[in-house]
Amino acid sequence: MEEKEGTHESKIDMFRSCRDALINVMYHAKAQAVEVRVEKDKDKVSLIIRDNGEVDDLKKPARGRGLTGMQERADSINGRLAVTKEPGIGTTVCFSIEQR
């Protein structure tokens, strides 16, 4: 994000969500590769973290604070968190913030 875009709080929340997603990959996914991208259009900035690791049981509740913390951060800045898990493919986390 450019310096003039987004509030300080939204930048910190995006950074922390990236950190938490990467920690989840490191400790849980057994991934061989992870991709981190930032995409920007006129309406939003999205942070996308995609791995090719193992997908945990989709019905099993999360044990830690990683995804919960990311969701709380997204909610606090009117952002959006989407997590997609595809067995045999991996997990994608997308943290989006609307631009004003």
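**View 1. Strands E2 and E4 pair in the antiparallel sense over seven bridges.** This is a predicted model: local features need pLDDT of at least 70, side-chain atom pairs count only at pLDDT 80 or more, and totals for chains, interfaces and linings use all residues. Residues are numbered from 1 along each chain as its sequence is written, and side-chain values use heavy atoms, leaving out hydrogens and water. Strands (E, at least two residues) and helices (H or I, at least four) are DSSP runs, numbered from the N terminus. Two strands pair if DSSP finds at least two bridges between them. Valine 45 has isoleucine 97 in E4 as its bridge partner. Arginine 50 stands opposite threonine 92 in E4.

**View 2. The open sheet has four strands in the order E1-E2-E4-E3, with antiparallel pairing.** E1 and strand E3 (80–86) are the edge strands, each pairing on one side only. From one strand to the next, the twist averages 10°.

**View 3. E3 and E4 form a hairpin with three residues between them.** Glycine 88, in the turn, has a positive phi of about 85°. The two strands run antiparallel, joined by seven bridges. Leucine 81 stands opposite phenylalanine 95 in E4.

**View 4. Helices H1 and H2 lie across the strands.** H1 lies across E1, E2 and E4, at about 10° to E2. H2 lies across E3 and E4, at about 145° to E3. Axes are lines fitted to C-alpha atoms, for helices over the stretch in contact (heavy atoms within 4.5 Å). Angles run from 0 to 180 degrees between N-to-C directions.

**View 5. The largest nonpolar core has 13 residues.** Such a core is a set of buried Ala, Val, Leu, Ile, Met, Phe, Trp, Tyr and Cys residues joined through side-chain atoms within 4.5 Å. Buried means under 20% relative accessible area, exposed over 50%, and partly exposed in between (1.4 Å probe, protein chains only). Met14, Leu47, Ile49, Met70, Leu81, Phe95 and Ile97 touch the most other members. Helix H1 (8–29), strand E2 (44–51), H2 and strand E4 (90–98) each supply at least two residues of this core. Eight of the nine residues of E4 are buried, so E4 is largely enclosed by the rest of the structure. Not counting residues up to four places away in sequence, the contacts of phenylalanine 95 include Met14, Leu47, Met70 and Leu81.
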